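This report covers the packing of a single protein chain. Please view the sequence and the model before reading on.

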Amino acid sequence: MGKTKVICAVTGRMSTPKKERPSDGQIHVKVHFSPLGSPEYDLGRLSVRCLEIARIVERGIRESGSISTRALCVLATVHVWDIDVNIHIIDDCGNVIDASLLAAFAALLNFKKLRTSIVSDKLIVHPASELRPVPLTLLHVPVSATFALFSSPFAALLDPTEEEEKVADGFITIISNSRRKICGIEKSGGPALSPMQILEMSRISISNAIHFHRILTQTKYFPEERNSEGITLDIPLPE
């Protein structure tokens, strides 16, 4: 997005479910910053930044109910799929949260898990050469829209650049989907917002989600026979 570049890799592994959710798989999000990704690289500061980005992305994936965790169950209380979403920020030139969530869903849409079967209480994971892997069950694709907030005079800038982020008083990220539903709102700092201001930013967020959902689900990015080299999205911004 612009000069911001993010790489995401999704992998799956077998694990034991949590006792309180014996029929649900789990989704884990980790964010890594490249040492060359930002001119202000500092390990301690970026560790906090990585946790913040991972929390918002994980909220966009898990709390929005976009992925059926029940569909990740192989045998209740014994075997479930754990999905690891690893986000690598190559160039942080602004609005890395929105780019990270887009990269995550581009990878999740492209990911397929191996088929499994249970024979005499024994788990068998079939290789791709034996049985064709199956995609994840995605119920919808949430997209985030981040606004940089300025107090005096009030302004809200969608998709802020690195320079705009440095002078902003705060930020608000609105997660929505192409079904025109708001999946989550995250605000940090900045001026108090009126209901009308939040509604207007939500309207823009939904328009943004429809635009990016159309791009992410275009068949040219996800052909039936996919190679193992991944995909690259050069994403145009909405007008």
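The model is predicted, so local features need pLDDT of at least 70 and side-chain atom pairs count only at pLDDT 80 or more, while totals for chains, interfaces and linings use all residues. Residues are numbered from 1 along each chain as its sequence is written, and side-chain values use heavy atoms, with hydrogens and water left out.

**Chain.** Four helices and twelve strands make up the secondary structure, taken as DSSP runs numbered from the N terminus (helices H or I, at least four residues; strands E, at least two). Of the 239 residues, 42% are buried, meaning under 20% relative accessible area with a 1.4 Å probe, protein chains only. Among contacts (heavy atoms within 4.5 Å) between residues at least 6 apart in sequence, 71% join residues at least 24 apart.

**Cores.** A nonpolar core is a set of buried Ala, Val, Leu, Ile, Met, Phe, Trp, Tyr and Cys residues joined through side-chain atoms within 4.5 Å. The largest has 40 residues, and Ile61, Ile83, Val85, Ile87 and Leu108 touch the most other members. Two or more residues each come from the elements tabulated here.

| Element | Residues |
|---|---|
| strand S1 | 5-15 |
| strand S2 | 26-33 |
| helix H1 | 43-63 |
| strand S4 | 79-91 |
| helix H2 | 96-110 |
| helix H4 | 195-216 |

H2 gives the largest share of this core, eleven residues. A separate core of seven residues includes Ala145, Phe147, Ile174 and Met201.

**Serine 66.** Serine 66 lies in the loop between H1 and strand S3 (73-75). Serine 66 counts as buried because its relative accessibility is 0%. Its side chain reaches the backbone oxygen of isoleucine 61 at 2.7 Å. Neighbours within four places in sequence aside, serine 66 is in contact with Gly60, Ile61, Phe105, Thr137, Leu138, Leu139, His140 and Pro142.

**Cavity.** The structure holds one cavity of 30 Å³ or more. A cavity is a set of points on a 1 Å grid over the protein atoms alone where a 1.4 Å probe fits but cannot get out, and lining residues have an atom within 4 Å of a point. The largest cavity contains about 30 Å³ of space, the volume being that filled by probe spheres set on the points. Ile56, Arg59, Thr173, Ile175, Gly184, Ile185 and Glu186 line the largest cavity. H1, strand S11 (170-176) and strand S12 (182-189) each give two or more residues to this lining, and S12 gives the most, with three.

Note on methods
Buried means under 20% relative accessible area, exposed over 50%, partly exposed in between (1.4 Å probe, protein chains only). A polar contact is a pair of N or O atoms within 3.5 Å; within protein, one must be able to donate a hydrogen and the other to accept it, and residues adjacent in sequence count only if both atoms are side-chain atoms. On a 1 Å grid over the protein atoms alone, a cavity is a set of points where a 1.4 Å probe fits but cannot get out, and a pocket is an open set with protein on both sides within 12 Å along at least five of seven lines; lining residues have an atom within 4 Å of a point.
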